[in-house]
Amino acid sequence: MGEMVSFKRPDGGSCEGYLVGAAKAPGIVVIQEWWGLNEQIKRVAERFVAAGYRVLVPDLFRGQVTMEAKEAEHLMNGLNFVDAASQDIRGAVQYLRTSGSSHVGVSGYCMGGALTVLTAMLVPESDANVTWYGYPPLEYVDSGKIKAPLLGHFGTQDQFFAIGGVDALETKLKEARVGYEFHRYEAKHAFANEEADSMKLPPLGYEPKAAALAWDRTLAFFEKYLR
């Protein structure tokens, strides 16, 4: 079991997050979906710990958690994405680095996936980044600022983050010669979230085979760049 800790943002402010894992292990910052820092995302953190990592999940919604899509959308729309990436997430990466983890990566889901792409641009301390079915509006993506390797998992049936946008993002990464690896799965949005079906939203769907393959690829990716 982990604990809630407070850490400093680069601007001197503070943020809280869920910390779990051995102090000297390589670090991973896990970024929540739009539901908030809930029990499901904590279990994701604990899976990474079982694989030998130390994990910090920053609480981007400052304690607010929901199971209602409209409220989740409201919380997400109220979030300053650039501030979250450059301050909360960067602060989390810096915290892991300065408290024992020699290498730190980032892995984000849905909203957190979009934030992971921004993190790749705005957080130079991150050694590797994994986006799960999420990307920001492409006009905000400056591929030339991405230096660390990027892994992406996307569903071909995703109604929230269209596969056409994935293709366009891939083109931008190629043009900037970013080291990236994208995988596409015959799956809906949130295919790796074991609670997706219980949300009763037609665009969401848990796909265990795709989830397992994406997880294995993620562990291999982090093994390569964080060990």
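1. The structure holds twelve salt bridges, where a salt bridge is a side-chain nitrogen of Lys or Arg within 4 Å of a carboxyl oxygen of Asp or Glu. This is a predicted model, in which local features need pLDDT of at least 70 and side-chain atom pairs count only at pLDDT 80 or more, while totals for chains, interfaces and linings use all residues. Residues are numbered from 1 along each chain as its sequence is written, and side-chain values use heavy atoms, with hydrogens and water left out.

2. One of the salt bridges joins Arg9 to Asp88, with the closest N and O atoms 2.8 Å apart. The pair links distant parts of the chain, 79 residues apart, since Arg9 sits in the loop between strand E1 (3-8) and strand E2 (14-20) and Asp88 in helix H3 (residues 81-98); helices (H or I, at least four residues) and strands (E, at least two) are DSSP runs, numbered from the N terminus. Arg9 and Asp88 are both buried, where buried means under 20% relative accessible area, exposed over 50% and partly exposed in between (1.4 Å probe, protein chains only). A network of salt bridges links Arg9 and Asp88 with Asp11, Arg62 and Asp83.

3. Within helix H1, Glu39 and Lys42 are three residues apart, which means that about one helical turn separates them, and they form a salt bridge whose closest N and O atoms are 3.5 Å apart. Glu39 counts as exposed because its relative accessibility is 51%, whereas Lys42, with a relative accessible area of 17%, is buried.

4. Glu170 and Arg184 also meet through their side chains in a salt bridge, at 2.7 Å from N to O. Glu170 belongs to helix H5 (residues 163-175) and Arg184 to strand E8 (residues 180-185), so the pair ties together parts that are 14 residues apart in sequence. At 15% relative accessibility Glu170 counts as buried, while Arg184 is partly exposed, with a relative accessible area of 33%.

5. The axes of helix H1 (residues 39-50) and helix H6 (residues 208-226) come within 12 Å and cross at roughly 55 degrees, which makes H1 oblique to H6 (angles under 35 degrees count as roughly parallel, over 145 as roughly antiparallel, 65 to 115 as roughly perpendicular and the rest as oblique). The contact (heavy atoms within 4.5 Å) is made by Val44, Arg47 and Phe48 of H1 and by Trp215, Thr218, Leu219 and Phe222 of H6.

Key: Axes are lines fitted to C-alpha atoms, for helices over the stretch in contact, and angles run from 0 to 180 degrees between N-to-C directions.
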